[in-house]
Amino acid sequence: MRHRVAHRKLGRVTSHRISMLRNQATALLRHEHLETTVPKAKELRPFVERLITVAKRGLADGAANARELNARRLVMVDLQDREVVTKLFDTLAPRFADRKGGYTRLLRLGFRRGDSAEIAQVELLGSEFDPKAKTEGDKGEEKPKPKGVGGRLRAAADRLRGTKKGDEESKKVQSKPSKGVSRKTTTPRKAGGS
């Protein structure tokens, strides 16, 4: 029985588990969403929410003071990336200033194909990440996907050759014979029968 046992071990020794949670927390705070398995996501939520709460407490008085410095140092124990810590204190903690907790959302996505592990997306509230939404740079250049196996093979061969669609059209134009010249080739036949 597991009475009064608080956390999951996730099949890892303590140092590996803590390192994994720190890395996932850094990625979640940087990108504001993360896909992982459900047990890892359930362990990640309180870890990240504690960091956000510490950051909120540090910013509670308003002006930069010793309390904020202490909070930054406490957060830096778990997050080694200064950019992520800066983002946490400058944008994320003020976003959740009026909230008393529950800064993350866990969405179950289905099952992973290789090992049938249940996958979940953890996201910070207020980010509402949409994976199907196009970024600003992708709007201008949209290539149609090749259909079927043959289309994918042709596209892969073109990538290997380094040719593009415009190059292919210019090669076709150059390879066509002109109307006035006949390009018939003849090969001499052997005399004699078989």
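This is a tour of the structure, one selection at a time.

The model is predicted, so local features need pLDDT of at least 70, side-chain atom pairs count only at pLDDT 80 or more, and totals for chains, interfaces and linings use all residues. Numbering runs from 1 along each chain as its sequence is written, and side-chain values use heavy atoms, with hydrogens and water left out.

**Whole chain.** Start with a cartoon view. The chain has six helices and three strands, where helices (H or I, at least four residues) and strands (E, at least two) are DSSP runs numbered from the N terminus. In sequence order the pattern is α-β-α-α-α-β-β-α-α. Of the 194 residues, 27% count as buried; buried means under 20% relative accessible area, exposed over 50%, and partly exposed in between, with a 1.4 Å probe and protein chains only. A contact is heavy atoms within 4.5 Å. Among contacts with a separation of 6 or more, 54% are between residues 24 or more positions apart.

**Helix α1.** Select 14-31, which is α1. This helix has 18 residues and spans 26 Å from first C-alpha to last, close to the 26 Å expected at 1.5 Å a residue; the expected span is 1.5 Å times one less than the number of residues. Its buried residues are R17, M20, L21, Q24, A25, T26, L28 and L29. They pack against β1 (33-37), α2, α4, β2 (104-111) and β3.

**Positive phi.** Most residues other than glycine have a negative phi. Select E32, which follows α1 and has a positive phi near 65°. L10, in the segment before α1, has a positive phi near 60°. S116 also has a positive phi near 60°, and S116 is in the loop between β2 and β3.

**E43.** Go to helix α2, where E43 is found. Is E43 buried or exposed? E43 is buried, with a relative accessible area of 9%. Its side chain makes a polar contact with the side chain of R8 at 2.8 Å, and another joins the side chains of E43 and H7 at 3.4 Å. A polar contact is a pair of N or O atoms within 3.5 Å; within protein, one must be able to donate a hydrogen and the other to accept it, and residues adjacent in sequence count only if both atoms are side-chain atoms. Leaving out residues up to four places away in sequence, E43 touches H7, R8, L10 and L21.

**Nonpolar core.** Next, select L29, V48, I52, L79 and L88. Of the 31 residues in the largest nonpolar core, these touch the most other members. Such a core is a set of buried Ala, Val, Leu, Ile, Met, Phe, Trp, Tyr and Cys residues joined through side-chain atoms within 4.5 Å. The largest share, nine residues, comes from α2. Not counting residues up to four places away in sequence, I52 touches L29, L88, F96, Y103 and L124.

**Rings.** Finally, show F96 and Y103. They form a tilted aromatic pair, 5.1 Å centre to centre with 45° between the planes. Rings of Phe, Tyr and Trp (its six-membered ring) pair if their centres lie within 6.5 Å; planes under 30 degrees apart count as stacked, over 60 as edge-to-face and the rest as tilted. F96 counts as buried at 3% relative accessibility, and Y103 at 1%. R72 lies over the face of F89, 4.5 Å from the ring centre. A charge sits over a ring if NZ of Lys or CZ of Arg is within 6 Å of the ring centre and within 35 degrees of the ring normal.
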